[in-house]
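Please look at the structure as it comes up, and we shall then go through it together.

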Number of protein chains: 2
Amino acid sequence: MTEPELTLVAHELLADFCAACFEKLGLSRPDAELTSRSLVWASLRGTDSHGVVLAKEYAERIRLGSINPHSLYTVVSEGPATALIDAEAGVGQVAGFRAMTKAVEKTSHAGVGIVGVKNSSHFGAAAFYSMMAVEHDMIGFTTTNAPPTMAPWGGKARRLGNNPLSVAVPAGKYPPLVLDMATGASAWGKIFIAQQQGRKIPLTWALDKNGQPTDDPNVAFDGGFIQPIGEYKGYGLSLMLDVLAGVLTGSGFSIHIPAWNDKDQPQQCGHLMAAIRISCFMPVETFRARIDELIRLMKDCPIAPGSDRVLVPGEIEFETEEQRRARGIPIHSAVKQDLVKLGEELGVAPPF
Amino acid sequence: MTEPELTLVAHELLADFCAACFEKLGLSRPDAELTSRSLVWASLRGTDSHGVVLAKEYAERIRLGSINPHSLYTVVSEGPATALIDAEAGVGQVAGFRAMTKAVEKTSHAGVGIVGVKNSSHFGAAAFYSMMAVEHDMIGFTTTNAPPTMAPWGGKARRLGNNPLSVAVPAGKYPPLVLDMATGASAWGKIFIAQQQGRKIPLTWALDKNGQPTDDPNVAFDGGFIQPIGEYKGYGLSLMLDVLAGVLTGSGFSIHIPAWNDKDQPQQCGHLMAAIRISCFMPVETFRARIDELIRLMKDCPIAPGSDRVLVPGEIEFETEEQRRARGIPIHSAVKQDLVKLGEELGVAPPF
């Protein structure tokens, strides 16, 4: 990927464009704006795989009927600190936003809120939701399950998603700590880039179709699997996230989530959001100062040779966001082409 | 380690012995029994590093005054779904047990309970507490922080513990799913065994004192570090567990937890326990059947060459427990010697 293939676009223009497209596709104006905001937010932060590149995917699914833009996102059960939302194959972003909003509301009673979502769709970047809790002086947790691309450790069939976990924590003078990690050692996107560039991949990233480690991206794509981080440990983590997001919510789990390319089928995925009010444990200002000290202890750590600096979770994303807010979001030519085409089909003027 | 070095001991005898020792060391009878039960439970399950081998460690700390056997484990703050216990340098097991007991109690109101512990000590195996929730048809979560042995990714100084996370989930016809994993790629104990046997270790286990991967156990022990699983991902996980167990509870965190060998200093570690009542989301029997299906999907997965079978989290521990309950717990000669000596010092007849 070289610089000339990239077009810089102001995030506001991109957000207006995506929102207009989603509205044309049948989402209410607020739902369209929210979904757009989630994608542009991920693009701003450099999480391009979960950014505006997804607009085309979502549009395709809405047209095929596998994402329902008119879901009511009904709260099907509710307790003092818990709730369950049925997304009715709706938009993952709207379901996720409503779930975390409700989790935060629940904390006003009990200090804790845990809200599940069933029958949902891809919801973009998990940190979009966990960070909602941070705004309210809370620690936020978000997980979702995803189409199976991982084999259980020792197996050779796709049984689990590269399920992500996000935890977001308010700091004081520093930006919040924001972990947003999948349980796999790599994403298919990174393996794809290595394939394009004719490079080998680390032996810890993927397995071939027989469940053996491979450093060849072509072999990985030929029926292979994403390797979990830490071998059986990442497998265990991914399984537990499927328990929370899929089994506990009454949603699909494991192989009951259709493959990513089965675009005409509702994804049936589930999400779980949790918020903990910090003031239940200590004054918020004390907590913020303690987190600042924790961050300082990481940042002040002597640096290993070959490393520039020690980063804390979310740091690089905040830096990227600052740059991209100022200079614009770099859009790859292929993505630009897709967005222009989408705009033409829907009668929305592209932001380029 | 060869068979003749091992002595098989009935778990009941071992439990009686350890409880009698802890009572002599000043713990109340119930606290002594509980602490003993935790250690023998870990030994039964094959988690020998967190088993009766620790009796000598705990005894040493109690004698040095860094573990306080008379703590009141005061609940210092409490809300509808949360609580915080000050362990006052007490026994980690007693603190952990009280915290999870309270977390489970809290669910009767809100369906969720989250209880922190500050100023505590080593608490044994994390799964001992998460599994308490399973008995009540709940999902249990346990974490603790620990003495720093890990560098932040890109750094070369000890800043984080090999902090563990345990999640326990009730099943139907299968035993519960029980994840209990540290965020490091290895434990020092495994590296020590490789050193003893003159074997190399995988390059993903440890870093040398300059923060570079090493396959030489001797180099790892010479001021090196445990590597996090999944590089920066395991670092991020370990950091977030320190936020939950250390920062949020008001306990020590990062370098404020003394090194394991500083035995005369209170450990200042913190724990966090959480329980979620499953019936807030769906009938427990439905959930159990869904977990059984998830387990079946893992167990039925085609096996990769070189692998015997696919395991689910906790499975091997349940199998080991069954064997050791029947045949006895194998005690290594060095551990046997330590226990005999401890018994002599305290006037307790050893179980050998």
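In which strand of chain B does B:Asn119 lie? B:Asn119 belongs to strand E4 of chain B, residues 112-120; helices (H or I, at least four residues) and strands (E, at least two) are DSSP runs, numbered from the N terminus.

A word on the source. This is a predicted model, in which local features need pLDDT of at least 70, side-chain atom pairs count only at pLDDT 80 or more, and totals for chains, interfaces and linings use all residues. Residues are numbered from 1 along each chain as its sequence is written, while chains are lettered from A and ligands numbered from 1 in the order in which they are written.

Let me return to the backbone. Most residues other than glycine have a negative phi. B:Asn119, although not a glycine, has a positive phi of about 55°. B:Asn119 is buried, because 22 other C-beta atoms lie within 10 Å; the term buried requires 20 or more such atoms within 10 Å, exposed 12 or fewer, and partly exposed a count in between, with C-beta atoms placed from the backbone. In chain A, A:Asp137 also has a positive phi, near 60°. A:Asp137 sits in the loop between helix H5 (127-134) and strand E5 (138-144), and counts as partly exposed because it has 16 C-beta neighbours inside 10 Å.

How many residues of chain A are in contact with chain B? There are 65, and they meet 65 residues of chain B; contact means that the C-beta atoms of two residues, placed from the backbone, lie within 7 Å. H8(A) gives the most to this side of chain A, with eight residues.

Finally, consider one helix pair. Helix H8 of chain A (residues 232-247) packs against helix H9 of chain B (residues 284-299) at an angle of about 135°, with axes 11 Å apart. Axes are lines fitted to C-alpha atoms, for helices over the stretch in contact, and angles run from 0 to 180 degrees between N-to-C directions. In this contact, A:Asp242, A:Val243 and A:Val247 meet B:Phe287, B:Arg290, B:Ile291 and B:Leu294.
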